[in-house]
Structures are given as structure tokens and as C-alpha cells.
Amino acid sequence: MPDQYVIGVDFGTDSVRSLLVNAKNGQTLGTEVHWYARWKEGYYCDSSKNQYRQHTLDHLEGMERVIREVVKNAGVDPQTVQGICIDTTGSSPQAMDKQGTPLCLKDGFKDNPNAMMILWKDHTAIHEAKEINAVASRWATNYTEFVGGIYSSEWFWAKMLHICRTDHAVKSEAYTWMEHCDLMTYILIGSPPLDSFKYSRCAAGHKAMWHANWDGLPDSSFLSTLDPYLGQVRDRLYAHTYTSNQKAGNLCEEWANKLGLATSTVVSVGTFDAHAGAVGAEVSANTLVRVMGTSTCDITVCDEHVIGSKAVKGICGQVNGSVIPGMIGLEAGQSAFGDVLAWFKDVLMEPTRDIIQQSEDIDVAQKEKLIKKLEDDMIKNLSEQAAALAPEDTAPVALDWINGRRTPDANQLLKSAIVNLSLGTSAAHIFKSLVEAICFGSKKIINRFEEEGIAIDSVIGIGGVAQKSSFVMQTLANVLNMPIKISASQQTPALGAAMYASVAAGIHSSVPEAIQTMGQGFRTTYMPREKEVNTYKKMFAEYEILASFVESQE
């Protein structure tokens, strides 16, 4: 049997990466990464307003480059590349016209942030989310039931509602909206008629309140109560959704030529990065896969008979087939994880950078070199100092809500806090408290799953923080009092996407079979340390007291 290759394409916050894998044995033949040029320059974003937008050209340029180059550099026969699957951040919707063209690619909208993709971390729709929740609370059908009971400002309908109220030009031209994972898939297969396209169940179920109990998306009358425009868009969208082991179509001729591939290449239904990452990390029942980067997205699965008709409260959704077809996929997460530590680094670097730049004793090249070294080494140095502190060493207690709270119980208006500062508090103490805060926030998520009858016995870590920070991972193992396994794959979401592609292309018969054949195992495991476990039990109680107080002041 000849080799059969598949490609997983993983769109992250800062970059897009591709992974070319031999579906017969999971061997990686190559990877490519492309950093978004416009995003890197900070275009279309305003952190003071929690506005984070990305231009579709960043994605199209990146997708073309990483797929073309990974195939070219691996030197494989294009005819042997059987499948492609796209995973992306979410909810990251894009406004489109009636012909299926993203508005930011059209004259008059090319520099309009509201016509671009509304990135997952954009929180400009906080008030719209509150309104959705208010209407849902009095509606006969509880459309938020299977998204944790609280609709988030990070999600599809809230973002659309915000844009339609603040930009009438976009509203009048936006015939429909697509999640990022759907849009990239749609483009690769030649932009077919919108009513024939296979939309992602993962995206629809976790972010757009799609559920089989009410035959699809929320009723038009519910959405029209918020704004008639939402009801109109709803009727142009979809009733059925599809899991990512299914074929969306074949690579169209235009993109086959761009990528150096054949039109026989199957493109599977798109999905979200965390859910693909869970597959790549070999998710199973009672195991929580934590995608740990700037934020976290936490994924587990369970059999239908375990959860039954129960709706788990305060998470980011439960969707049949969003991870492994035939199992319920459950999602939670933290709005900031690595971002908490990056914020502290930036606080320390701001005056340091200014002092260096103003120095007259150092030339420009030396200044840039010194600033880069400090930026590169700051977290590592703080981690080493914090790790040297005794576990029982009195330290500040902090909250991880620096970008609001995603779960349990979404509330993007919440702010972070820190207490117990003294003249003896060092930068290492503060850093240690922030690491502990993100780990305590993780424990709150696991506690919620267990309170709702979903047992979690172990954690699998993937993403940048999991791969790079042993201090954070050991602290997490101690706080959770359970082992943390670190996936061996450096590109776990892309690997999971490749597994989906292998099933859609007919190479493997199921996602579990693809996981068994293509899985790459784990490179290390962090075990909890008894002394630290006992210390953190006491500190977690202090975290909960602080959290209750801050939330009561909202």
C-alpha cells in the first residue's frame, strides 16, 4: 500500500502552521509556520477597548504559504496528499456578502475593522452578551442551556449583534457570517453556494447555540427580539451541521494550483483548535486536555449515557461529536493564562525599555539587543526565582481574571486583584502568585466538572506554556493534585486536524482508529508533590475568599 499523507492546518492567534503527516504511522514529514504580517504590526486592534480584529488577507496569505511550502519541502508526490483539515481559533466570525466574499476584501471595507474577523479574544460585545442572556432567561426555550447557561461576549451572536449596532455600512452589506474554520474550508473548496456548504458542528454547537433539541439554531423570533437583522441572518445560515471526520468537498482548481496539490485532495469539515488539539493529544473519557497558551481551552469527552440529558452549568458548551463523533465534547477554559504572565513581564519591561532607549552610552544596535535579551529571558528568570521560594513562603494571593472569566460561569466584566503585598514582596513573589492564580483558576474548572458529575482523573497539557514552562506545569500538578502529561507533539492541534483529514479521506475508518495509529504519545509527566499539595489546599481557600469578595463588588 503506497504512503498516504494528510495535512493539518492550525490557525492560532499570532500565526498559522501546517503539519504534513503520514497517515499510515503518524510520522511527521514537515511543518511550516507563517506569522500574520498585519496582526504583528497591531493593525485594527485597540486594547483599550478590548478590540482585536484580524484581516482575512493575513489568513489567506498564511494558508497558501504554509501548505505550499510544507508539501514542497517534504518532496512528496502531490497525488499522495489525500486530505486537509482546517482548525482555527473561535469564536472568530467574519462578515460576508451574498456571494460569500469576506467584506474586508471588498472596496470600501478593506481597512474597516468591523468588516474583518472578530477574533476570539475581542470583548467589545460585553453589553450585547448581557442582553442575550437577559432575553434567554425569560424565553420559553432556554437556548443557553447547553453552553453553560451563560452566553459569552466572545461568541458568535454577541459579536454580530455588536457590529450590526455600531456599523450600519457593514450591517447593510453583511448578508451572512462565517466562523473562521468554516471560512477557510469554504475558500479551499471553491466557495460553493452558501446553502450547500457543510458548517462545523463544533463551531455551531459551542458558540452559536446550535442544538438538536431545537432542530438547529435558536428560533428566528428569539434572535429578532435582539435585532431583526439577527433573525434574517439566522434564516440564511444552516439547520444541519457536520462533524470534522466528514468531507466538506475537494480542493478547488484555483487552490490546487496555488498549493501544488491535486483536485482529488479531500477537504474535511473545519473545527476549532482546542478540539482538534484534544484529538491530537489522544483525549479519552475522564481526561481533561488543556490547551495552554495565551488563554486556555479545556476539553474532555464522555459517553452519552454518562451525561444523559443533563446540561453542565457554567462551561462553554457540550456538543455531540464536537471532538470525537459519537461522544459528547465538553469545553471550558480561562480567558487569560499565559497572558497573565505576559502582562506582568510587560509591566516590568515598560520602564526598563524606556531607560535603555534613553541611554546615551549605548548605540542603537546594542539597545535593541539588550531589550530583546531582557524580553526573552524575563519569564525564565522569574520562574527560576519563584521556584527557589519555599512553598510555604508567605506570598501575595492573586486572581487570574485579568481578561475577565470564561469558566466557570462566564463574566468578562470581572477584573483581577492581588492582596497581601508588603515591603518584603519581591518580583518573584508576585510572579509566583500569578502562576498560582492561573492554576487555581484551572482547579475551579475541574471542580465544576466534578460537581456536575464529570469525573476528571488526569490532565494532558498542550500548547506553548505546557511545552516551555516546567515551573507552571509542576505548580499545576501540585494545585490539582493529579498528574499532568505533556503531549510529545509540538503541533498537537494540527496533528488532530490531520487525524480528522485522514478519516474524511477514507484512510482510517474512525477518529479513535486515527488516534491509535497516528498518536505520538507523551514526552513527560509532572507528578504532584505531597508537601506542595497540602500547602496549596490552604492557599486555594484564600483564593476563593478573594474571588468571592471581588465578584461581590461588581
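## Helices on the sheet

In this predicted model, helix α15 (residues 427–451) lies across strands β12, β13, β15 and β18, and runs at about 150° to β15.

The sheet itself is open and consists of 7 strands in the order β14-β15-β13-β12-β18-β19-β20, with mixed pairing. Because β14 (318–320) and β20 (522–526) each have a single partner strand, they stand at the edges, and one side of each is left without a neighbour in the sheet. Direction ignored, neighbouring strands are turned by 25° against each other on average. Within the sheet, β13 (residues 296–302) and β15 (residues 328–334) pair in the antiparallel sense over 7 bridges, and Cys302 stands opposite Ile328 in β15. Helix α11 also packs on this sheet, where α11 touches β12 (287–292), β13, β15 and β18 (458–462), its direction making about 55° with that of β13.

## Packing of α11 with α18

Helix α11 (residues 273–280) packs with helix α18 (residues 492–504) at an angle of about 80°, the axes being 6 Å apart, which makes α11 roughly perpendicular to α18. On the α11 side the contact includes Asp273, His275 and Val279, while α18 contributes residues including Pro493, Leu495, Met499 and Tyr500. By class, the residues of this contact divide into 7 nonpolar, 5 polar and 1 charged.

## Nonpolar cores

The largest nonpolar core has 86 residues, and those with the most contacts inside it are Ile7, Trp157 and Trp177. Helix α4 (residues 156–166) gives the most to this core, with 7 residues.

Notes:
Residues numbered from 1 in each chain as written. Predicted model: local features only at pLDDT ≥ 70, side-chain atom pairs only at ≥ 80, totals over all residues. Heavy atoms only, no water. Axes fitted to C-alpha atoms, helices over the stretch in contact; angles between N-to-C directions. Helix = DSSP H or I, 4+ residues; strand = E, 2+ residues; numbered from the N terminus. Parallel < 35°, antiparallel > 145°, perpendicular 65-115°, else oblique. Contact = heavy atoms within 4.5 Å. Nonpolar A, V, L, I, M, F, W, Y, C, P; charged D, E, K, R; others polar. Core = buried A, V, L, I, M, F, W, Y, C linked by side-chain atoms within 4.5 Å. Buried < 20%, exposed > 50% of the residue type's maximum accessible area, 1.4 Å probe, protein only. Pairing = 2+ DSSP bridges.
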